[in-house]
Number of protein chains: 2
Amino acid sequence: MDAVQAQEILSQMEAKRLAELFKAFSDASRLRIVSTLIAAERNVGEIASMVGISESAVSHHLRGLRQMNLVRPRRDGRLVYYSLEDEHVAELYQVGLDHSLHGN
Amino acid sequence: MDAVQAQEILSQMEAKRLAELFKAFSDASRLRIVSTLIAAERNVGEIASMVGISESAVSHHLRGLRQMNLVRPRRDGRLVYYSLEDEHVAELYQVGLDHSLHGN
């Protein structure tokens, strides 16, 4: 194995971290929640209504997404609005969707 | 829920399919295998040597990646070379890596 090849390989630590990121997207309900946040920020009630699952289920998934820095909260009075953390998150979702719908 | 909102939401079937795609990327060894294929096609022996796992483990992961249309084989005499299925796969890996390394 030469130096060039070695550089190309993801380290075990990087690979583990990246696997955790993809794992955070490996749930259909989470992806449907993410899909509601592509165009706008939403509160838990709005997301629950759009996705058709309970508010407590939405909150559970949002906690997981927050732990992975994929969504961020913004408090507005009594409501908390969630948005995607950055454009990387929307891009990851979109690239995956393109492959999933058209790539195979 | 208005029509615009409804359009934004991923259907359950689309979400399930997309979740399977991300799940295929949710394993550190698989991601290290994918990382060896970013720059060039490789055979099983080369991948095993680069990643530092057995050829049978590499073959197992390649089967999983093939089932998800993420890699494709090319036979050359007695050897089979693997490459990423299309540029979407490399893009998905790269966007995830950018977020994983710098985004949080």
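Predicted model: local features only at pLDDT ≥ 70, side-chain atom pairs only at ≥ 80, totals over all residues.
Let me start where the two chains meet, with A:G96, A:L97, A:H99, A:S100 and A:L101 in helix 6 of chain A, which are in contact with B:E14, B:R17, B:L18, B:L21 and B:F22 in helix 2 of chain B. Sorted by class, this contact between helix 6 of chain A and helix 2 of chain B holds five nonpolar, three polar and two charged residues.

Now to the interface as a whole, where 43 residues of chain B are in contact with 43 residues of chain A. On the chain B side, helix 1 (3–8), helix 2, helix 3 (28–36), helix 4 (44–51) and helix 6 (87–103) each supply at least two residues, and helix 6 of chain B gives the most, with twelve residues. By class, the side of chain B that touches chain A is made up of 20 nonpolar, 13 polar and ten charged residues.

One residue to look at here is A:F22, which, leaving aside residues up to four places away in sequence, touches B:F22, B:F25, B:S26 and B:G96. In soluble globular proteins, nonpolar side chains tend to be buried together.

Let me turn to packing within chain A, and to helix 3, residues 28–36, which packs against helix 5, residues 55–67, at an angle of about 85° with the axes 10 Å apart, so that helix 3 of chain A is roughly perpendicular to helix 5 of chain A. The residues making this contact are A:S29, A:R30 and A:I33 from helix 3, and A:A57, A:V58, A:H61 and A:L65 from helix 5.

Helix 3 of chain A also packs against helix 4 of chain A, residues 44–51, at an angle of about 115° with their axes 10 Å apart, and that crossing is right-handed. In this case A:S29, A:R32, A:I33 and A:T36 of helix 3 meet A:I47, A:M50 and A:V51 of helix 4, and the contact has four nonpolar, two polar and one charged residues.

Note on methods. Residues numbered from 1 in each chain as written. Chains lettered and ligands numbered in written order. Contact = placed C-beta atoms within 7 Å. Helix = DSSP H or I, 4+ residues; strand = E, 2+ residues; numbered from the N terminus. Nonpolar A, V, L, I, M, F, W, Y, C, P; charged D, E, K, R; others polar. Axes fitted to C-alpha atoms, helices over the stretch in contact; angles between N-to-C directions. Parallel < 35°, antiparallel > 145°, perpendicular 65-115°, else oblique. Left-handed = near helix turned anticlockwise from the far one by under 90°.
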